[in-house]
Amino acid sequence: MKSFYLTDAGKVRDHNEDSVIIVKNKNNECLMAIADGMGGHSAGEVASSIAIGYLGKHFQETFLNLSKVDAVEWIRNSTNEINSLIFQHEKTHPESKGMGTTLVLAIITEDYILFGNVGDSSGYVMKDNKLHKVTYDHTLVNLLVSAGELTKEEAKEHPKKNVLMKALGANDPVEIDVFDCDMEIDEILLCSDGLTNMLENDQIERVLLGDSGPKEKVEKLVVSLKYESYRWNLFRLALEYKYAFLLTMHKELVEAREKGLFDKSYFTDRAWENANRIVDDMDGYFDDTCRGELKKYGSAEELSVAANKYWKKS
């Protein structure tokens, strides 16, 4: 089994609150996990580190030839222990009050594959050339969609789409959702909401369908994510004239294209045309029509909705 992971803080945060692990035990059984922390003063980084640090050590020490039933119990007990550790840390470190973390994990053995998640970090599999989501996001909008009060399209643009209903360090007790996965799959993808908030499933799918290995695919996903983040930020930053930020992102996209990581495999024809136009001529991309449209919107919320409609057309 080949595997690879990569985290990227982006250009907004000055630190990365994600923690990741891929580890095998003595029996060649594998644990993959991502925790996406939350909380001020780097507290989210601490929470995610507590989760992944405990999981990795505990897996290597105690997960040996477990039956599927016992493995499910192991996942639930491990999650409860992580939750307790986060609350204990919060009590002795008042500055970390309010910290928490999401968690998504996969355990791969010869006999079964299990996924587990708390929060909005996600687990996917590729099967028969299609991307399938295994986990369920514990968000307010997902709850509203399930209740029939929002459509999936409305949820994507909802101002509270990132509000979590469940997270480690936020709920006590907390219950992790566990999923029994088909063994006949081609690939596994775990990611935080940083990827799924910006890329549609078909964009992720196109990258995973490529002929390259895990390392190259993950790098291409990050480049694709930066491109999507870049074009969304064009709207906000054009109004604020923060060109230094734009130029930094522009430089990264140019370098990615030079390294061969910026290719057509994960773009629609029109998006590929736009992406290259941005890279080749950033200033020219801001035509008078686009600038005029942007000036009509006063709030960030109105701008976000307008931007989403604009990019759907393009």
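1. A quick word on terms first: contact here means heavy atoms within 4.5 Å. Please keep in mind that this is a predicted model. Leaving aside its neighbours within four places in sequence, I107 is in contact with C30, L31, F59, F63, W74, I75, Y112, I113 and L114.

2. I107 also stands out in the largest nonpolar core, which has 27 residues. Together with L55, L103 and L105, I107 touches the most other members of that core. Several elements supply at least two residues each: strand 1 (18-24), strand 2 (30-38), helix 1 (43-62), helix 2 (68-92), strand 4 (103-108) and strand 5 (113-118). Helix 1 gives the most, with 6 residues.

3. There is another core to look at, apart from the one above. This other core has 14 residues, including C30, A106, V125 and I185. Notice that C30 turns up here and is also in contact with I107.

4. Now to the charged pairs. Side chains of opposite charge can pair when their charged atoms come close. The count in this model comes to 6 salt bridges, and three of them are worth a visit in your viewer.

5. Start with K68 and D180, whose side chains meet in a salt bridge at 2.7 Å, N to O. The pair links distant parts of the chain: K68 sits in helix 2 and D180 in strand 8 (residues 177-181), 112 residues apart.

6. Next come R76 and E175, which form a salt bridge at 3.9 Å, N to O. Because R76 lies in helix 2 and E175 in the loop between helix 4 (152-156) and strand 8, this pair ties together parts that are 99 residues apart in sequence. R76 is partly exposed at 28% relative accessible area, whereas E175, at 53%, counts as exposed.

7. The last pair is D182 with K127, a salt bridge at 2.2 Å, N to O. D182 lies in the loop between strand 8 and strand 9 (187-191) and K127 in strand 6 (residues 122-127), so the pair ties together parts that are 55 residues apart in sequence. D182 is partly exposed, with a relative accessible area of 36%, and K127 is partly exposed too, at 24%.

Terms used: Residues numbered from 1 in each chain as written. Predicted model: local features only at pLDDT ≥ 70, side-chain atom pairs only at ≥ 80, totals over all residues. Heavy atoms only, no water. Core = buried A, V, L, I, M, F, W, Y, C linked by side-chain atoms within 4.5 Å. Buried < 20%, exposed > 50% of the residue type's maximum accessible area, 1.4 Å probe, protein only. Helix = DSSP H or I, 4+ residues; strand = E, 2+ residues; numbered from the N terminus. Salt bridge = Lys/Arg side-chain N within 4 Å of Asp/Glu carboxyl O.
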